Amino acid sequence: MNELKTENLSCKRGENIVLNNINFSIKSGETLVVKGRNGSGKTTLLRILSSFITSYEGKVLFNDVGISEDNLYNSKFNLIGQKNSLKENLSIKKNLELWDILFNEALDHTKLLEHNNLYHLFNKDVSSLSDGQKKCISLHRLNYNKYDLWFLDEPFVFLDEVNTNLLIEKINQFNENMGTVILTSNINLPKKFHKEINI
Amino acid sequence: MYIKIKNNHIELIKSANPYLIFATIFAFVIGLYYSLFQSPPDYIQGDSMRIMYIHVPSAWFALMTYSILAGSCVLWFITRNPLFNVVARSIAQVGMIFTLMSLITGSIWGKPTWGVWWVWDARLTSMLILFFLYIAYIFLWQAISNKELASKISAALAIIGFINIPIIKFSVDWWNTLHQPASISKLSAPSIDVSMLIPLFIMTAACFLFLVTVSLIRFRLVLIENKVLRTSN
Amino acid sequence: MNELLDMGGYAIFVWSSYGIFFFSLIIFFLINILNLRKYEKIFNKTKNKID
Amino acid sequence: MSNLIKRDLLLSFYSSANFFFTVSFFILILMLIPFAFGTQTEQLKVLFRGVVWIALALSIIITVDRIYNADYEDGNLDIIMQKNKTIEYLIISKYITHWFIYCLPLLVILPLLSFLFYLDYLETTQIFINLFIGSFGMVFIANFVSALTLGARRTIFLKAIIMIPLFVPFIIFGSDAGSWPILLALSMLSFVISIYVTAYGLRLYGE
């Protein structure tokens, strides 16, 4: 049973206060939706949680241990940022091969891509795809399955209805397997998740 | 980049500005009078050595300004006081101008003295590299859109450049056999007449006043630029 | 006077280096002063808006 | 660490930075010497020593964006930094791949090229030793410049202005036959500086 929580988390950028007194706690099998307007610090929050930003006030605790003290914390989450992490001039196949090496895990891509109806584009260059298709492939990283936590930054942007539902299904499945999800969104989602905070 | 500087300090700098400008102009006029009219020509180099009165101060201040720049960058990293960053940024461009001036006047002086515009010796080469270090510092700051980040990055670069300069001087010295004695040792030699020292010192003082005046103007400029950038975000 | 302008045959070197030196210094000084004025204007405008 | 090296090598093989291309680049740069300076044997020998360094510097300068900038812009750098908690390992593996892709080809092709320029075995060995040691130092420098300029996009000229002054000592000592100990010292110094500065730059941009 894992628990991720923040206590009085604040973050300053120069003089600007980006995050002010964020408190939440989330357990295994739950999903937290972080809502807020553009530029309200949603991405900053995710980057603090994924230990990229280390200069903040307050505490971020994973199982009651500060995330900067936990040496294994970095191997426990899977962060999908707003950037697609795709090499534009390479084909999907080659991009996925590169990911396989980075994530140290060989997936059966053909099957998974058929699920999203993308397999026929397998050998196409990424630059020829639409934004939604790129996002789908970017979210393909969620299939690497050694992680307890998912941090998703605006995962529903560019996705059509079918793919949105597929992603929600995937998140539900992950929750059933006792995974924790934190996702950001600035629009209303079609489904209600366990918890929601506004920043 | 939040700077706690009292308003009355800024007011003080502001009110000192006209006096400083006046003093700079005054010093330059006196310096010009002495260096062009009131000093004898050198018995070997003739009147061409009058260029020394502007070349040597520029070279001194080019080096001194870079030392201050690198020093305040180091202090910024140690103390985390953003004032040092503002000092570094306000002084950098003045240093660049002095470096450029010492290069140009140096090569104009070199033509009648050595017969060539340029010699590839250690001092000239490291001066040229110094100029590019200033350029790198200034333009790297401009190229990075996140200004807080830009200050940190360009400060790191300034410190690396400070390590690089002596290495370059050493390596070019080693590489080149064309040695020129440094100007400072030339000064201490008895061959230099007191009548030449007077204009040199006045010009040095004038250049120093110019450095201070423009740095303080740029200090205000940098502070206000920070405020404008912050409110526009 | 001519003798002075002639600079013992080095006129072109001496006068050009002094000219370039002071010209650049003055231009540099003016650029910074004008920049400061410009930013002060922008700053006052934004300050008035906030007030 | 080994994963990152494997991934970077595969990436360079997929994009146009494989062995074949880098070797062609070196041969073409060196081919310009006789066209520019004529074919006198003695002159070619002298020029070869210097131009081989310029070719190496050029190949490092034009590829400096590929070290961290490309990965930073498309977001892969986040994954890389997450998977390599110890940032020093990450940096060292980047050194290795960058050297492997852009310097090793020159060292491999060097014996062949030096015979085209009428150098004998002894001279070739001297150039080889200098290049071998000096190329490491230049790679270290390129790495920290790349890490420092992550936020400044598509400013290859600015990066060249930052890097070339730092390359000057390497080129001075590199084109002299007997000064490999100094090159070794310079490379070691730049390694120490580079690993700190690169880590500093990467951490700043991670934020």
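Reply: With helices: a helix here is a DSSP run of H or I with at least four residues, and helices are numbered from the N terminus. The model is predicted. As a case, Lys38(C) lies in helix 2 of chain C, which covers residues 11–50.

Me: Is Lys38(C) buried, exposed or partly exposed?

Reply: A residue counts as buried with 20 or more other C-beta atoms within 10 Å of its own, and as exposed with 12 or fewer. Lys38(C) has 13 such atoms within 10 Å, so Lys38(C) is partly exposed.

Me: How many residues separate Lys38(C) from Phe28(C) in sequence, and how far apart are they in space?

Reply: The separation is 10 residues in sequence, and the C-alpha to C-alpha distance is 15 Å.

Me: What does the make-up of chain B look like in helices and strands?

Reply: Chain B has 7 helices and 0 strands, giving the pattern α-α-α-α-α-α-α along the sequence. Of its 233 residues, 42% are buried. Among contacts in chain B with a separation of 6 or more, 81% join residues 24 or more positions apart.

Me: How many residues of chain B are in contact with chain C?

Reply: In chain B, 26 residues are in contact with 23 residues of chain C. Helix 3 (82–114) and helix 7 (194–232) of chain B are the elements that give two or more residues to this side of chain B. Helix 7 of chain B gives the most, with 11 residues.

Me: Which kinds of residue make up the side of chain B that touches chain C?

Reply: That side of chain B has 15 nonpolar, 4 polar and 7 charged residues.

Technical notes
Residues are numbered from 1 along each chain as its sequence is written. Chains are lettered from A and ligands numbered from 1 in the order in which they are written. This is a predicted model: local features need pLDDT of at least 70, side-chain atom pairs count only at pLDDT 80 or more; totals for chains, interfaces and linings use all residues. Two residues are in contact if their C-beta atoms, placed from the backbone, lie within 7 Å. Ala, Val, Leu, Ile, Met, Phe, Trp, Tyr, Cys and Pro count as nonpolar, Asp, Glu, Lys and Arg as charged, and the others, Gly among them, as polar.
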